Amino acid sequence: MTGLLARPFSSVLVANRGEIAVRVISAARAMGLRTVAVYSDADVGALHVEQADEAVRIGPTPAAQSYLSIEALLRAAAQTGAEAVHPGYGFLSERADFARAVTEAGLVWVGPPADVIEQMGRKDRARTVALAAGVPVVPSHPLPDLSPAHGVLTPSPGDSFGGELAYPVLVKAAAGGGGKGMRIVRDPADLGAAVEAARREARHAFGDDTMLLERFVEAGRHVEVQVLADTHGAVLHLYERDCSVQRRHQKVLEETPAPTISADLRERLCNAATELAREVGYVGAGTVEFLVADKEFFFLEMNTRLQVEHPVTEAVTGIDLVRLQLQVAAGEPLPLTQPAIGVTGHAIEARAYAEDPYAGFLPQAGRAGHVDWPVEHARVDTALRAGEEVSTAYDPMLGKVTVQAPTRAAAITGLTAALDHTVVTGVSTNVGFVRELVAGAAFADAQIHTGWLDSDPAARAYLQHPALPEAAWGQAARHLLTERPAAETSHPFGAGDGWRGATDLAPPRVLLRHNGSTRFVPGAEQVEQAFRVHASTAAVEVVHHGHVFVLQRPDALGVAGQHPAATERDVTAPMPGTVLAVHVVAGERVDAGAALGVLEAMKMELTLTAPTTGEVTFAGVAVGDQVPIGHVLFTVEPAETVESAEPAGAT
């Protein structure tokens, strides 16, 4: 074992950002250590910067010039006198050259030795270690010399498929992880194209396009084992986690104990994980990942760092993994023995991402509006606060919500309730989608495997954008009528219309619009607990079961009484962004294709144009406004409709 410097230290630099930086800083400060945060220009006001004892700017927003710059991080450590470096996860956490540079600088690396990271960081080398430890691996085949037809394969001597290549197969990068450089191939004719595509992706992501070809296990489950090892020879496990709920090889839900394995299989998995860690000379916290199919299991890879899903393990074992990481790095022996580690109850974690599940899980960006995490109902790991910018420059994960309960059923109920109390507006998230998954029958029955969301017909219902609940109209109106001054409430006829006295007026109503449907809506009698409502000048955001529905307020913008606009007449924000220019005002005549305004989104400037020739009847934004995806920015009434329309009035 080389490249490991374990010794006592009194200060630690956290080479990361977001919720994991907050998590490490919290544990380190509780141990009496001085903490140093690093930040890019995008994170100058971030929570991890506020919570650390000292913070250092390491570069501009792009990760390559800040969080991925080894030189900048070591310079920050030298500048602040930090004695140890904790990498968190992501960024440089599994880069052997970073671990080596830290120890060569005379600092303590909170993680395994550089040579272990190097060995386990490549899937081909990790397979060799697993075989030496007696751990089953997924059957593989040497990557063939593909013919122009991409489907003619010659069996290789000794290949573990047992001769002829059987489909489906999995093409995957030998380096890196996170689902990058992976392709499932079911037809021999598709193999060549899949290999080339995976190579390009791996080359871009990892700088290494070495490929592996393995048997693809249908409907397999992803089960991983948490291991801990110290520099005194102790290697322990903290049992397993099931991470089978994934989209595009990225985890969505994690739980422990795994709901589908027997006690015998659990014991074999945990023993295999500790044997592999012992074989490679592991030190610190790590995770050994397996693919489970019925009673079989196969080694997939080892993550040589703390995992995103570590809170579920902490919840059922009562063990602080970050604290133990720091103690091991300081040269202390683990204060535990295997028989003393037990599991109490069941825990489930949901990841909240800035992404659109109904548009292929595309990452989203924008400025967070209202942010309300269910801290009274769950453990919440997050660094996101109201008003903060969510950028596509970094990972889209916003936070994690974890619930522990005596039984799995109770944990499901608790997590469903916690997600009902989770509110993030201003940027599209997966909270509502994950809430539906947790509450659904497929998850309750543990039917979801690693490919379920991507390919199973039963998953399609979860990938359809939900309709606005009918009750949301009344809840939004009630909120406005309760919160707004009486002078702002809308009466369809006014107090002096000559037909009846003011005391005979119908209850006040407000004008609301959603997806082309416009209504004068009276307030509901009472707000149901399932709804959370927030209002701004131009819109009302109704949150229901984690889903955020935006209802426009045309009356607040001087266009009360307009006839409802058809969906095709509305110009909406195609993605979250900032309004850079507004070229028109309500009442202006425009030609089809005329520029109405400019939206900046995802580092692109988008010119918004008139869908038809006619009159601008709604121009609801101003320069500088942050708008969510789908937000109605302009409405253009066709010329023929305007010319034939009777005087506008409330209907």
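Predicted model: local features only at pLDDT ≥ 70, side-chain atom pairs only at ≥ 80, totals over all residues.

Tutor: Start with Leu 73 and its contacts. Neighbours within four places in sequence are left aside here.

Now place the residue. Leu 73 belongs to helix 3. Is Leu 73 buried or exposed? Its relative accessible area is 2%. The cut-off for buried is under 20%, so Leu 73 counts as buried.

Pick out one partner, Phe 98. Along the chain, Leu 73 and Phe 98 are 25 residues apart. Their C-alpha atoms are separated by 9.5 Å. Phe 98 is in helix 4, where it takes part in the meeting with helix 3.

That brings us to the two helices. Helix 3 covers residues 70-80, and helix 4 covers residues 96-104. Their axes lie 11 Å apart. They pack at an angle of about 30°. Angles under 35 degrees count as roughly parallel, so helix 3 is roughly parallel to helix 4. The crossing of the two is right-handed.

Which residues of helix 3 meet helix 4? They are Ile 70, Leu 73 and Leu 74. From helix 4 come Asp 97, Phe 98, Ala 101 and Val 102. By type, the residues of this contact divide into 6 nonpolar, no polar and 1 charged.

Arg 23 sits in helix 1, which spans residues 18-30. Its relative accessibility is 11%, so Arg 23 counts as buried. Again leave aside the neighbours within four places in sequence. The contacts of Arg 23 include Glu 314, Asp 320 and Asp 381. His 310, Leu 321, Val 322 and Arg 379 are in contact with Arg 23 as well.

Helix 12, residues 431-439, is mostly covered, with 7 of its 9 residues buried. Among them are Val 431, Phe 433, Arg 435 and Leu 437.

Finally, step back to the whole protein. It has 651 residues, and 54% of them count as buried. Its elements are 16 helices and 36 strands. Take the contacts with a separation of 6 or more: residues 24 or more positions apart account for 65% of them.

Key:
Residues numbered from 1 in each chain as written. Heavy atoms only, no water. Buried < 20%, exposed > 50% of the residue type's maximum accessible area, 1.4 Å probe, protein only. Helix = DSSP H or I, 4+ residues; strand = E, 2+ residues; numbered from the N terminus. Contact = heavy atoms within 4.5 Å. Axes fitted to C-alpha atoms, helices over the stretch in contact; angles between N-to-C directions. Parallel < 35°, antiparallel > 145°, perpendicular 65-115°, else oblique. Left-handed = near helix turned anticlockwise from the far one by under 90°. Nonpolar A, V, L, I, M, F, W, Y, C, P; charged D, E, K, R; others polar.
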